[in-house]
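These are my notebook entries on a structure that I looked through. I set down each item in the order in which I looked it up.

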Amino acid sequence: MSGDYLSRIHSLAQKRKGAIIGFLGAVIVASIIGLKFIKYNDNIEMMLPQNAAVQNTMRFLREANFSDKLVISLKLNDESHTTQDLILAGDGLAASIKSSSMVKQVINNISPGDVASEMIAFLKYAPQLLGPEALPKIESLMNPGSIKERLKFVYRQSLSPGSSFLMPFLRADPLGLFSGILRDIENLSMSSGYDVVINNGHLISRDGRHAMVIVKTPVALTEGFGARKLVTYLRGKLKTALPKFVSADIVAGHIHTVSNEDVIKKDIQLTSIIALLAFLLLFLFFFRDPKAVMIFLAPFAAVAVSVNIACFVFKNLSYSVIGMGTVISGIAIDYGIYVYMAVRKAGNSQETIRQVIRPVIFSALTTIGIFAVFFFSSVKGYHQLAFFSNSSIILCLIFSLFILPHFLSREKNPASNFAALKPASPLNSKPRDSLCIFCWAAILAMMFISGTGLRFNNDIAQFDGVGKEVLSAEKDFHNIWGGKAMPAVLVASGRTLEGAYQNNTNIYQAAIKKIGKDKFASLSSIWPGLNTRKANALRWQEFWSTESENKIKSMLADYGRVYNFSPDAFRPFFQQLHHAGDWEVEPEGFAFFDHLKEQYVVKKDDGYQVLSFFPDEDKYITRLSAVSNGYPGAFIVSQKNFSNTVSRALGSELIFLSLSAVFLTAALTFLLLKDIRLSAIALTPVVTSIIMIAGVIPLAGLAVNMSCIIASMIVVGIVSDYGMFVAYYCKHKFQTGTYPAVTFAAATTLIGAGALLFARHPMLFSVGVTLVTGVLSGYLSSLIIIPPLYRLWIPEKKVIQDETISLM
Amino acid sequence: MKRIMTTLLLFVCLQSVNAYADNSSRDITAVLEGLEKMMSGTKTISTDFIQEKSLAIFNQKIILKGKVFIQKPSLLSWRVMSPMRYSMVMRGNTISQWDEDTNQVQQVRLAENPGFQVAIKQMQNWFYGTFKSMVDDYKITLITEHPITLEFVPWENSVSRNFITRVTVFFQNDERYIREVRIEEKNGDSTSLVFVNAQLNQLIPLSAWEVKADVR
């Protein structure tokens, strides 16, 4: 910065000191008040890339039928009470929660309806449903031997104790032609994966000690405030509406939303308090200067102001981003420390500021640059992080360079507390320098070897910071009700329902060839698309000529005589033989079909989606991905696949961002130092930090995740500052307290990052581990390794020459 | 097909129907308690039966003759001698069946076969006298007091409603076991089951619990 500009700003700030204090005070107070009105958002979508596959999945999860349901699992706690008591308690609870506008429907009591009759009636669609492969099988049954065998079977079944249930089916399908349709209905119904027994119309567990109540809500899963209100309401009702011998757990995505929010809020509070206390102790113990409190307050004030600005720009702020507040404070405080130390060491003059302004601005630029590259990411949350961090850093930088010096003493005051932080003498012996570098290289080599065992964990579920009590309730729930291994979903889309059905049918036919019918539960098995049904029905009519029908009729009558079957015994079968139903009209009046449709078909604003379920295993996902890729609008939703998709999308993005960050850091370092060798030496902390992070993570039994990578990028920005400052000092020998300044900068960053080690939320914790490892190793290497490297690599003569040039 | 009913019910979610607004008076409760007490002393039953089935599928009534063995708490053997030989043994929640045509033993879990489940549960309740446990599924009415005759009509949201219209149970004069059961099915079929030569608390031969043993 030119001397004139600096002088003007310096004198202006000096003249308007009072006004500046007033203005800053007003802005800070307004920002603190504003914090109360900030809208936060813990929607995980904000932290995911805008990749088409990821967005498809997230949109699907948001709009799927199951995302609006909460399940309440009731448990009998007292042996003296019966299932009947539990049912009555469930009824009471259901009645008490219905009235809220947050509850759309409560399902605790289901009527079986006339399922048997419905299923028999549904067989009228058999001609539309049986494909070409069914006809040769039917033909093979049309001989005396097979008919006699079937009639014997019908007779035996008629006399068995459970015949009441079987009779309608035996009469409607004596030859077992439609058993496949009935089996398909069963498979579809079973794909919910839950182990439920119907007791008196209620959903009861096999042990009779648990009951299930399903609550449908209009409150979206991702709507943090609504979810909290709903969960609070339900928890309140559980307390008041249930008798003491019944306890209850709520299992739903809404609980995760609320629990994650609670965990992150607690983490923010805890880490802020720890960081505040640590900062206070540090400043009061080492600085022993009341004015130093300004350095400590500045980043917190900057964070408060930045949160408000970011909220104005982005409307909603991610909790995860705000959770990084202490880290940002730890970084932003550095610039105040550099200036403070320089002023204390060299006095409050424009010359002092001039000596530190260049490295301070460049170090701020590297950090700003690192965060700025996140603007190139497709993840909206990273944009917020970049904006929030850079805003805080810029505010702190302006404060540190132009305002802070005017509030510090004009006298030199070399503090005795910092005596221990004197730099090592540049004239140290060569053997000692060599030993030092050898030890450093050996440690890095060990860490490099350890780093080869680095694992990458791409499971996004690891960022679910839900509390232990919620996990315990879910474990109990799955032990009782099953449903732990949730299936993957293949989604077929269409602009019209019929279009979606037909796409679903085409996909179904391809899918069962790939993984088999047993593994693929699709509505197409009982309701294919119109074209398929029409073709089936025409084929069926052609097959069942009068001659064929008479042949069967005559054989059934002849061979059934021996069992005394009545002439009307199989009338229901012949009645439906030519009743194909209306092709264009969907089955109506079938409760089971309606409920299967509710489970398998999703109405969207722009069309329909038909879902099919299959085991969430890699081999099936791979085979069915090949199928879905061939159909526009089709995609797979699976927990495993989703993690891979996200990591693939983020991975390629992060490679670009990381390379940009490293390039930017190296470029800015070179711009500051204007010497390739010196710049290489200044980047020592960056190399050290990256290798140490890679080595320590596996040693700590952790795996690398997306958060670690992002935190590592931030580490690069932070530790490159230390490298710049120390290399700048080695080159220019300005007595601006570089070593103590770097030490305190590292200490404050470590406090901010170290506070995250106390976080319960896994994302914040993994950021904490990465930052602490990286910053600590980067700091130590900048102080211990850069000076010996400098002495060994750059001759003293050259330094003096360069210094002369640089000071001009 | 055997589990279809159970699984389908999960998806048939209609409006709540209060199944417990039972009109059972103190009298019927007292009667059921009295029967339960009277029959609780019976640990084993072996009895012949004559089952008369009026099924639309047949031209005439079908008459089955056989034997029933019951041993509390969970053993039941149903053996048909004519017109075809058939046996079914229930141990806990598993049933084993055999018939002379196939000459094969087939095992089925009770929970997977709602038809059997309803039939076996009913039989157990009739013979054990545990009528009070049936109030969840049936509206129970006392038809006559001497000898006792009970009528069971499935509640609207009961699984039994799918198959059964009404069951009438006639007791012996001494009320220690049942004399006859009449079942009216929803499809118009009906069955009557008359028990004769009943022996209570007699030692039942082990062969009775072997499904493929000589059923005679």
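**Chain B**

I began with the contacts in chain B (contact meaning heavy atoms within 4.5 Å): among those between residues at least 6 apart in sequence, 47% join residues at least 24 apart. I note that this is a predicted model, in which local features need pLDDT of at least 70 and side-chain atom pairs count only at pLDDT 80 or more, while totals for chains, interfaces and linings use all residues. Residues are numbered from 1 along each chain as its sequence is written, chains are lettered from A and ligands numbered from 1 in the order in which they are written, and side-chain values use heavy atoms, with hydrogens and water left out.

Chain B has three helices and 11 strands. Of the 216 residues in chain B, 52% are buried, where buried means under 20% relative accessible area, exposed over 50% and partly exposed in between (1.4 Å probe, protein chains only).

**Salt bridges**

I next looked up salt bridges, defined as a side-chain nitrogen of Lys or Arg within 4 Å of a carboxyl oxygen of Asp or Glu. The structure holds 17 of them over all chains.

I examined Arg156(A) and Asp101(B), whose side chains meet in a salt bridge at 3.6 Å, N to O. This pair joins two chains, because Arg156(A) lies in helix α8 (residues 144–159) of chain A and Asp101(B) in the loop between β5 (94–99) and β6 (105–109) of chain B. Arg156(A) is buried at 11% relative accessible area, whereas Asp101(B) is partly exposed at 37%. I also found that a network of salt bridges links Arg156(A), Asp99(B) and Asp101(B).

I turned to Lys216(A) and Glu598(A), a salt bridge with its closest N and O atoms 2.3 Å apart. Lys216(A) lies in strand β6 (residues 210–216) and Glu598(A) in helix α24 (residues 591–600), both of chain A, so the pair ties together parts that are 382 residues apart in sequence. Lys216(A) is buried at 10% relative accessibility; Glu598(A) is partly exposed at 31%.

About one helical turn separates the two, because they are four residues apart in helix α22 (residues 546–560) of chain A.

**Cavities**

How many cavities of 30 Å³ or more does a search of the whole structure find? I noted six. A cavity is a set of points, on a 1 Å grid over the protein atoms alone, where a 1.4 Å probe fits but cannot get out; lining residues have an atom within 4 Å of a point. The largest cavity holds about 240 Å³ of space, a volume being the space filled by probe spheres set on the points, with grid points joined across faces, edges and corners. Its lining has 21 residues, and those nearest its centre are Pro161(A), Ser164(A), Gln51(B), Ala119(B) and Ile183(B). I recorded α3(B) as giving the most to this lining, with six residues.

Definitions and conventions
On a 1 Å grid over the protein atoms alone, a cavity is a set of points where a 1.4 Å probe fits but cannot get out, and a pocket is an open set with protein on both sides within 12 Å along at least five of seven lines; lining residues have an atom within 4 Å of a point.
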